[in-house]
Structures are given as structure tokens and as C-alpha cells.
Amino acid sequence: MNAIILSALCGVVMMFSGILLKNKSAIKYVAIAALLVLILGNFLQFYGVYTIDIDSKGLLAFDRTGLFFNTIIFVATLVYFILSGSDMERVGPDVAEYFALIFFVLCGVTVLTSFNGLLMFFIGIEILSIPLYILTGSDKKNLKSNEASLKYFLMGSFSTGILLMGITLIYGATGSFGLQSTTMKSAITGFSSAGILAPVGLVLLFISMCFKVSAAPFHFWAPDVYDGAPSVFTSFMATIVKAAGFFAFIKLFAAKSADFGPGPAWQLILYIIIVATLLIGNITAVFQQSVKRMLAYSSIAQAGFMLFALYSTNEFTKDGILLYTAAYSFATIGIFSILTKMEDYSLDGFNGLSKSQPVLAFTNTVFFLSLSGIPLTAGFFAKYYMLASAIKGGGSLSLVIIAVLFAAVSVYYYFKVIQAIYFKEGVAATNTPITSNFKVALIVLAAIIIILGIYPTALLGFYYF
Amino acid sequence: MIPLLLILIPVVSAILTFFLKNGNAAKNWALIASTATLIFGLYALCPACKLTFDAAWLPLLGSRFSLSLDGLSKMLVLLTAISFPVVFASTYNNDYKQSNAFYGLMLLTQAGLMGVFLASDCLLFYFFWELALIPVYFLCSIWGGEKRIAVTFKFFVYTFVGSLLMLIGILYLYFLTPDHSFAIKSFYALKLSASQQNVAFWLFFIAFAIKMPIFPLHTWQPDAYEQSPTAVTMILSGVMVKMGIYAVIRWLIPIFPLATVKYADIIIIASVIGMIYASLIAIRQDDVKRLVAYSSIAHIGLMSAVLFSLKTIGWNGVMIQMFNHGINVIGLWIVADAIEQKLGTRKFSELGGLAQKAPVLAILLVVLAFANVALPLTNAFVGEFLMFNGLFQYNFWIAGVAGISIILGAVYTLNMVQKIFYGQLAPATQNALEINGNVQFVLIILVVVIIGFGVYPQPMIDLTKHIHP
């Protein structure tokens with residue numbers, strides 16, 4: 001409860017800071033301070049201290065996993081503020097409002113990690129989504145940004161409609177928004193007692209969540225939106241928001257697996273969706289010339305791996321999604337923070353970066369290695385846990401083999417950037433001078449990724465002990 | 001403690017090397033560090049010292065940082081420990097741009113190789129397996145020849161796909177172990193059904209076969225050897241290909257005995273085809289590097305065929321030959337590099353009569369060439385004798401066909417010696433000088449090892465008798 005209230009309050013504070021403070025970098029520091037307060041509040045609750053406690057009448061339930069996920073999300077946002085905060089100033093004049101919107105998104109995230117019924121789930125999704133439509137279109141004079149925003153808004157509303165329809169049908173069938181009701185169980189396991197309403201509702205829920213996490217074949221909005229939105233906000237959307245969507249997805253469908261184990265029909269649907277997502281994300285990413293668009297497709301491909309957490313639910317799933325969120329978000333935020341500083345977003349724009357900016361080149365390489373899942377980086381253990389959960393669940397070995405073959409394909413396009421950075425001649429130009437603070441932050445981030453890659457207990461230890 | 005030091009010294013010195021600004025300092029430091037590793041590697045041969053190390057690593061996953069040294073590991077640890085100082089010393093006069101990065105990556109490669117040969121925990125093994133690959137990718141792509149980017153990338157993707165399949169295999173076995181552990185003992189204790197073995201066997205074997213490489217998965221190799229900087233090629237062909245053979249002995253055959261027997265014939269036939277095929281191509285080569293590359297495929301093919309013939313005497317031969325082939329092939333690369341550095345070409349057609357100008361080099365090369373064709377009194381003879389003995393026990397006809405490669409080996413090796421060193425003095429060799437002192441020194445050491453173990457191979461044979469982790 002701490003985090004929900006605090007994040008909303010922080011958003012309000014940021015809105016007013018825009019009126020009171022004229023200095024833009026001061027606004028950034030206020031945002032960082034507010035985020036630190038938020039992290040502290042969440043941490044206190046994680047260790048059982050409730051500073052703000054409101055009885056939600058059972059609509060919200062806080063557990064360690066959700067709170068720990070909040071912490072990861074907040075820390076990733078902190079990294080994002082530190083690395084990319086100053087890039088927001090270049091998008092437009094309303095910096096304080098961007099920060100305020102981001103805090104509202106975080107509020108949505110905290111609701112999504114603690115919902116205890118479909119009603120709060122829906123509210124969480126909406127709080128999460130609406131600020132994003134604004135952020136996507138924040139580059140007001142840029143037509144691509146406008147188009148992306150409109151597209152995202154229309155498609156998003158449509159999927160929200162489907163979501164609401166699904167919730168309504170389930171409510172109609174079961175008479176409850178709760179997750180635990182026995183009718184919900186029968187809705188998932190078969191088409192028997194609950195009639196047709198609940199299963200159809202569940203399928204609609206599933207489709208709209210696939211849309212939110214850009215799983216194929218509901219991914220069509222993602223490349224255009226990620227490409228059209230200002231790069232700083234793409235970074236935020238592709239990492240933090242997507243991870244939160246996944247967490248809610250898994251919480252909704254898999255967290256109650258004690259009640260209803262994943263059945264064969266369920267696994268078949270997911271099998272097809274995972275393979276389609278991996279196929280479309282990876283194969284399309286191979287042909288991109290713009291690094292930004294390549295990352296958009298690669299984020300679809302990464303979603304394919306995260307869907308493994310839904311495919312089989314066991315003790316690896318929870319660790320896996322926590323680690324995947326951390327590994328993927330840190331690396332992608334790092335890459336985007338460098339990308340936004342590049343003059344040219346195409347692959348050739350990175351040629352010779354190792355000569356002109358050795359620190360950027362090295363850290364960028366670490367981030368890409370992590371995304372490819374190379375051992376000694378956090379990305380390896382993220383993928384490891386996902387594969388382990390699938391194999392442990394006795395799931396199909398063919399799915400795992402397909403997944404690793406696509407992981408090898410992803411190496412192809414990630415390494416194209418590394419090749420440009422280190423092995424090709426050129427003058428990679430940045431559009432702003434690179435400050436030494438930025439370099440230090442990047443090195444710390446790269447070090448964290450390597451430490452997590454050698455010793456992931458550093459992260460999961462917090463969770464377990 | 002010794003096994004840990006064998007990994008720790010290269011890792012720590014690699015990190016330090018990255019921060020050295022002066023290129024010469026990096027070079028000297030790498031030489032010193034690798035010599036220190038060599039001293040510990042020699043010390044590890046003593047039978048009395050404690051040769052295991054075990055520490056907690058990933059308690060949540062059931063993986064421990066455990067290392068151990070048996071006869072098989074010792075052989076390869078020694079090879080790794082010898083190769084790096086030899087490579088550094090013989091290429092001392094080569095200048096590399098950003099040499100601190102070059103030597104740092106080389107030392108990291110050494111750490112990875114050591115780890116592969118020492119690990120007695122499967123996940124740890126996988127980590128080192130990858131750690132040995134990634135620095136090599138950067139080494140070849142930055143300092144390699146003209147076509148380096150595409151060629152190295154092919155090499156990288158090939159091996160990466162292999163390792164990912166192996167990772168699935170590792171996970172598959174892990175969940176079958178009752179105590180959920182990656183320890184080699186738990187893996188050995190597994191009682192796998194035939195159908196389980198048949199699947200998991202291939203997941204592991206493809207990774208190892210790509211690394212060795214076995215026909216038809218060898219296509220990355222000649223290009224990669226040719227395009228890599230010679231110092232890296234020495235490590236690739238001298239030490240790194242042994243990773244595949246080592247892994248087959250250590251992990252594959254003991255864990256999947258039924259599948260091994262079932263698929264042995266297919267693998268032996270592929271290996272023998274690869275031997276003959278590579279030897280025939282080697283005869284047609286005009287480039288020293290490509291010739292040695294193909295000859296290396298032929299030698300590795302023989303080792304893999306003998307491995308799957310599952311005869312003890314053959315295995316002893318393979319283990320001895322892994323070490324000897326490493327020494328011999330590094331020697332050949334040193335000669336190739338010396339010629340290229342001095343004369344600027346590696347083509348036979350442009351060379352000739354070099355013996356008149358560089359008699360010492362000629363003598364040393366002839367010894368290396370004899371070792372490459374496994375003449376008696378060279379180290380390779382013992383190994384090949386034992387290997388053919390094993391193969392002969394397995395199947396007369398296969399041994400016969402494989403034997404053709406000995407003749408073909410003599411053809412291309414002696415042909416190379418003849419074209420480079422004898423005959424008319426070619427324009428390129430007109431102004432050739434004798435090789436530098438450091439190269440002479442290194443080659444003489446190698447030749448002493450070759451003849452020493454050729455005359456008295458007993459210590460090596462003793463080492464091969466102790467192969468249980």
C-alpha cells in the first residue's frame with residue numbers, strides 16, 4: 001500500500017514542481033529524490049513496516065513477490081532517470097509533466113503487482129496505459145510521434161474493450177471478480193460446468209493481455225509505436241511497462257496454479273504463441289537497418305522468452321520472471337540511453353564507436369551480450385531460468401530447442417551492433433557531449449549486469465532471505 | 001588450491017593487462033603471468049598434492065564451484081599452460097594495435113580453457129566453455145585478416161548454437177538427478193533409459209562435434225584458422241579443439257554409454273570420411289595456414305574415430321595424442337608465422353629454397369614435419385601407434401581406410417617442406433634471413449619435447465591411466 005499511495009503522491013508533486021521550479025535539471029533531481037522515497041517506502045513494506053495502511057476490503061493483497069517486483073521496477077526506473085533524465089529535456093518543454101506521467105505509470109505497476117480481483121486488475125491496466133498514450137505523443141511537432149500515439153491509443157482502447165468484455169463475461173458466469181472462485185478453476189480446466197461464458201471470457205482476457213505484452217499475433221502495434229515514440233520513452237515502454245504487463249499476466253493466469261494446473265490445451269495455445277512470437281520478433285529484427293527499430297522487434301522476441309513463465313509454472317518461474325525483468329530492463333535501458341545520444345540511429349551510425357567513445361562502446365557491448373544471453377552476464381541466467389522452468393515442467397523439449405535456436409538468431413542481429421562498434425571503421429558521432437557522470441553510471445550498470453551474471457544470488461538472495 | 005590458482009592467475013592478470021597503457025608492458029606482463037601459470041601447471045603434476053577445490057557458488061540452483069584434476073585434466077592443463085608462454089614468446093616481435101586488449105583477451109581465453117579442463121560441475125563447465133569462446137571471438141574479429149568479420153561470426157554462431165543445445169542437455173540431466181545437482185558425480189550416477197540417452201546424447205555431442213570439429217560440421221574451421229591472427233590460431237588448433245575431445249571423454253561417454261554404443265558406427269564413419277577428405281584437400285593447398293588447418297582436421301578425425309571405438313589402448317593413445325598434437329601443431333604455426341613475418345607471404349608457389357638462407361629453421365621444421373606424420377622417435381608415433389591399435393581391434397576395414405590418411409599426411413607434409421625449403425631460390429626468399437633468437441629458442445624447446453617424449457613416452461602413458469574425477 002505504501003508504494004501505491006506514494007507513487008500517486010509523487011506524480012502530483014512532480015506536476016507542481018513544474019510550476020515552482022524553472023530549472024530543468026532541478027526537476028530531474030526532485031524526481032530522483034521522489035523515486036528514492038518511493039523505493040524506501042516499498043522496502044519498508046517488504047520488511048513488514050506499513051507506514052500507510054488502508055483497508056482495501058480484500059481488493060488488494062500484498063505478497064513478497066509483488067513487492068520485490070516493485071523494487072526491481074523502481075530501481076530500473078531510477079537507473080532510467082539517472083541515465084536518460086536529461087534526454088527528456090530535449091523532447092519538449094514540459095519535463096515535469098513527463099516525470100509526473102511516469103510516476104502515474106508506476107502507480108499502475110504497483111496496482112498490477114497487488115491486485116486480488118479482476119476489478120483492480122482492470123484499474124491497474126488503465127492507470128498504466130493512459131499516461132503512456134500521452135508519453136508516446138509527447139514529441140508534439142513530430143508526425144511520426146503523433147501517428148504512433150494515435151495508433152497506440154486506438155489499438156490500446158480496443159484491447160481494453162476486449163479485456164472489459166472478458167471480465168464482464170467471467171463476472172456473469174461466476175458472480176465474482178475474485179481469482180480464487182472455484183468456477184474460475186473450472187473455466188480454465190474445461191468447458192463443462194460454467195457454461196460457455198467463463199471460458200470465452202478467459203480467452204478474451206488472454207488475448208488482451210497478449211496485446212499488452214506484444215505477443216504475436218497481437219504485436220502489430222509494437223514496432224510502430226516503439227519506433228515513433230521519442231527514444232527516451234520507448235526505453236521506458238519496452239522495459240518497465242512490458243515487464244509489469246508480464247507480471248500481471250502471470251499473476252492472473254499462473255499464480256493460482258495450485259488451484260488449476262496448466263492443462264494440455266492451455267499449453268498448446270501457449271506453445272503456438274511462443275513460437276509465433278519468437279519467429280516474428282527474431283526474423284523481422286534480422287532485417288532492420290535502424291537500431292531503434294531492431295530493438296523494437298527484439299523486444300517482441302524477448303517477450304517470447306518471458307512467455308515461458310506462463311507456459312509452465314513452478315518455482316523457477318517466479319525467480320525467472322524477477323531475474324528476466326532485471327536483466328532485460330537494465331540492459332535495454334542502458335542501450336537506449338546510449339542510442340538517444342547517437343547522431344544516427346542506423347547500424348552504420350555505430351561504426352567506430354570504440355575509437356571515439358571507448359566507455360560507451362564497452363558498456364553497450366556488455367548490454368548487448370546480456371540481451372543475447374551470453375554467460376557471465378545477467379541475461380544468461382534470465383534465459384537459463386526460463387529454459388529450466390520449461391524443462392522442469394516436463395514440457396516439450398521441442399519448444400526449448402526452438403527457443404534456443406531463435407536465441408542464436410538473436411545473436412546475429414545483436415552482434416551486428418557489436419561488429420559495427422568494434423570492427424568497422426567510421427566516426428560514430430554523438431549529438432550531445434557525453435558527461436563523465438553518464439559514463440560512470442553506465443559502468444556501474446554494466447558492472448551490475450556482470451555481477452548478476454556470475455552470482456545471481458545477489459539479486460534473488462534479497463527475495464529469499 | 002592449485003586448480004583455483006590455475007584459473008585465477010590468468011583471470012587476474014588479464015584484468016590487470018587491460019589497464020596497462022604501454023604495449024610492451026602488456027606483452028611482458030602476459031609472458032610473466034603465463035609463465036607463472038606454467039610453473040603451477042608443472043607443480044600440479046606431482047602425485048601427492050591436493051588437487052581439488054570446492055566452494056559454494058549458486059546454492060539456489062545446486063551448482064558448486066568445484067574443480068578437480070585427474071590424469072586426463074593434467075595432460076590438458078599442462079598443454080594449456082605450456083602453449084600460452086610458447087605463443088607469447090614466439091610472437092614477441094609481432095606488434096598488435098591496442099596490445100593491452102590483445103594480451104588481456106588471450107589471458108582470458110587461457111582462463112576459460114583451464115576452467116573447461118578443471119571443472120567438475122556441469123554448469124561451471126558450461127560457463128568456462130563459453131568463457132573460452134567469447135574472447136576468441138573478439139581476438140579474431142579485431143586482429144584477424146581481411147575477411148575476419150564474416151568468418152569469425154560464422155565460427156561464433158556455429159559454436160554458440162552448439163553450446164545452447166548442450167545447455168538444454170545439461171538442464172535435462174539436471175532435472176533427472178535425484179538431488180538436483182550439477183556435480184559430475186550426480187551425472188555419472190544417473191541411470192538413464194535408452195530413449196533418454198538417445199535424445200540427450202545428441203544435444204551434447206553436436207556441441208562437442210562442432211568444437212572438434214568432425215565432418216560435416218567442420219566448415220567453419222579452415223576459414224577461421226586462416227583469418228585469425230597466428231597467435232590465436234595456435235591456441236585454436238593447439239588447445240581449443242581439444243576441448244571437444246576432452247568433453248567427449250569426460251562427459252559424453254560416461255553419461256550416455258548406451259547411446260554411445262548405438263551411434264558409435266555413424267560417428268566413426270563420419271570421422272574417417274572427414275580424415276580422408278581433409279587430407280585430400282590438404283594436398284591441394286597452396287597456403288601454409290590452410291594446409292595446417294586441414295591437416296589438423298584429419299588428426300582430430302582420427303582421435304574422434306578412436307574415441308568411439310571404445311578400446312582402452314586407443315583411449316590412452318588419444319590422450320597422449322591430444323598433448324602431442326597440440327605441441328606439434330603449435331610448432332608448425334610458429335614456423336608459418338615466422339615465414340609470413342619475414343617474407344610477407346604464405347604461398348608455396350612464391351617460396352622456395354629457404355633452407356639455403358635459413359638452415360636452422362629448416363632443420364627445426366623438418367623435425368616438426370616428421371612429428372606431424374608420426375615418424376618413430378617423435379612424440380606422435382606412440383600416440384598414433386596406440387590409436388591405430390585400438391581402431392584395428394574395433395574394425396579391420398575402418399582401421400585400413402583410416403591408415404590411408406597416414407600416407408596422405410606424409411604426402412602433403414613433406415610436399416610442403418620440399419616446396420618451401422628446397423628447390424630453386426624464389427624471388428621472395430632471395431633476401432631471407434635466419435629466424436629471430438626467440439623463435440629459435442621456442443622451437444628448440446618444442447623439438448626437445450617432441451624427441452624427448454618420442455624416445456621415452458612412459459610418463460605420459462602413466463598419466464593416462466588415472467582418469468577418474
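Predicted model: local features only at pLDDT ≥ 70, side-chain atom pairs only at ≥ 80, totals over all residues.
## Overall build of chain A

The C-alpha trace covers about 65 × 55 × 45 Å along its principal axes. How does the radius of gyration of chain A sit against that of a compact globule? For 465 residues the globule value would be near 23 Å, and chain A comes in at 21 Å, so the two agree.

Burial counts for 62% of the 465 residues in chain A. Take the contacts in chain A between residues at least 6 apart in sequence: 82% of them join residues at least 24 apart. As for the surface, chain A exposes about 16000 Å², and 70% of that is supplied by carbon and sulfur atoms.

## Helix α9 of chain A

Let's zoom in on α9 of chain A, which runs over residues 221-228. This helix is mostly covered, with seven of its eight residues buried. The buried ones are A:W221, A:A222, A:P223, A:V225, A:Y226, A:D227 and A:G228.

Over in chain B, B:S228 sits in the loop that links α9 (221-227) to α10 (230-255). Is B:S228 buried or exposed? Its relative accessibility is 4%, and buried means under 20%, so B:S228 counts as buried.

Setting aside neighbours within four places in sequence, B:S228 is in contact with B:C140, B:G144, B:T233, B:L236 and B:K289. For a sense of distance, B:S228 and B:G112 are 116 residues apart in sequence and 19 Å apart in space, going C-alpha to C-alpha.

## Cysteines

B:C140, one of the contacts of B:S228, has a relative accessibility of 2% and therefore counts as buried. B:C122 is at 0%, so B:C122 counts as buried too.

And how many disulfides are there over all chains? The cut-off is a pair of cysteine sulfur atoms within 2.5 Å, and by this rule the count is zero.

Terms used
Residues numbered from 1 in each chain as written. Chains lettered and ligands numbered in written order. Heavy atoms only, no water. Buried < 20%, exposed > 50% of the residue type's maximum accessible area, 1.4 Å probe, protein only. Rg over C-alpha atoms; globule rule 2.2 N^0.38 Å. Contact = heavy atoms within 4.5 Å. Areas by Shrake-Rupley, 256 points an atom, 1.4 Å probe, with all protein chains shown as cover. Helix = DSSP H or I, 4+ residues; strand = E, 2+ residues; numbered from the N terminus.
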